[in-house]
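Student: Could we go through the pockets, cavities and helix packing of this model together?
Tutor: Gladly, let us take them one by one.

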Amino acid sequence: MLNLLPERLDRILLLGAHCDDIAIGAGGTLLELCRAYPGVHVTALVLTGAGSLREEEERSALAAFTPGAELEVTVMDLPDGRVPQHWERAKMALEELRTRGEPDLVIGPSPHDAHQDHRTLAQMIPTAYRDHLTLGYEILKWEGDLAQPGVYLPLAEPVLTEKIVKLGEHYGSQQDRPWFDDETFRGLARVRGVQCHARYAEAFHVQKLTLSVAPIAGSEPSPGFGAA
């Protein structure tokens, strides 16, 4: 299995339809990336939940999941479950973000996600970020829409445990959900770990990658990745 590392990681863009999507889908990855790249600038856009307890939870959680990063969070007030009917506002928010700079990495929902809000946002992402490396996270839920991912980030047991603890600490409003528990998060991470020869992992979907073997000046040749 080939390890692909970015040449640089100065800016990360996080996209979620709902408060908690980003942390559930990529919380361990964020912990690892922010610690590996101190001072990275992280911008997060969440389409629903503004003005509610959910927004408070999201801001607190994302701060906890991005240690040492420069974090900027925007939570919009689109109605939960009705994002497709508010496509124009969501698209305008993405376009406005696009004017603020070029992210090295975009993390958002996967296009095949069965939830209409997740899927709508995922389909918008390449219309605004056409030439960017975009990873689509997965969220286990009752719809049974998990597909086979192609990108994995192995997680050490302490990192996965930290993710699960933070989810419980920061998203109290979700504790009554049947899928929001330690077994769900740890079980999926274990399956993805098996698939990449690790104990645990988070997995992502990617639609396009370009590979480069050109050496960076003053260094040995090494593979890199980028958007097509």
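Student: What volume does the second largest pocket have?
Tutor: First, a word on the model: it is predicted, so local features need pLDDT of at least 70 and side-chain atom pairs count only at pLDDT 80 or more, while totals for chains, interfaces and linings use all residues. Residues are numbered from 1 along each chain as its sequence is written, and side-chain values use heavy atoms, with hydrogens and water left out. A pocket is an open set of points on a 1 Å grid over the protein atoms alone, with protein on both sides within 12 Å along at least five of seven lines; a cavity is a set where a 1.4 Å probe fits but cannot get out, and lining residues have an atom within 4 Å of a point. Taking volume as the space filled by probe spheres set on the points, which are joined across faces, edges and corners, the second largest pocket comes to about 320 Å³.

Student: Which residues lie closest to the centre of that second largest pocket?
Tutor: Its lining divides into 3 nonpolar, 4 polar and 7 charged residues (Ala, Val, Leu, Ile, Met, Phe, Trp, Tyr, Cys and Pro count as nonpolar, Asp, Glu, Lys and Arg as charged, the others, Gly among them, as polar). Of the 14 lining residues, the closest to the centre are His18, His115, Gln174, Arg177 and Trp179.

Student: Which element gives the most to the lining of the largest cavity?
Tutor: The largest cavity holds about 170 Å³, and Ile24, Glu138, Lys163, Phe185 and Leu188 are the closest to its centre among 15 lining residues. Helix H1 (21–36), helix H6 (182–195) and strand E7 (200–205) each give two or more residues (helices, H or I, are DSSP runs of at least four residues and strands, E, of at least two, numbered from the N terminus). With 5 residues, the most comes from H6.

Student: Are H2 and H5 roughly parallel or antiparallel to each other?
Tutor: Helix H2 (residues 53–65) and helix H5 (residues 157–170) pack at about 160°, their axes 9 Å apart; axes are lines fitted to C-alpha atoms over the stretch in contact, and angles run from 0 to 180 degrees between N-to-C directions. Angles under 35 degrees count as roughly parallel, over 145 as roughly antiparallel, 65 to 115 as roughly perpendicular and the rest as oblique. H2 and H5 are therefore roughly antiparallel.
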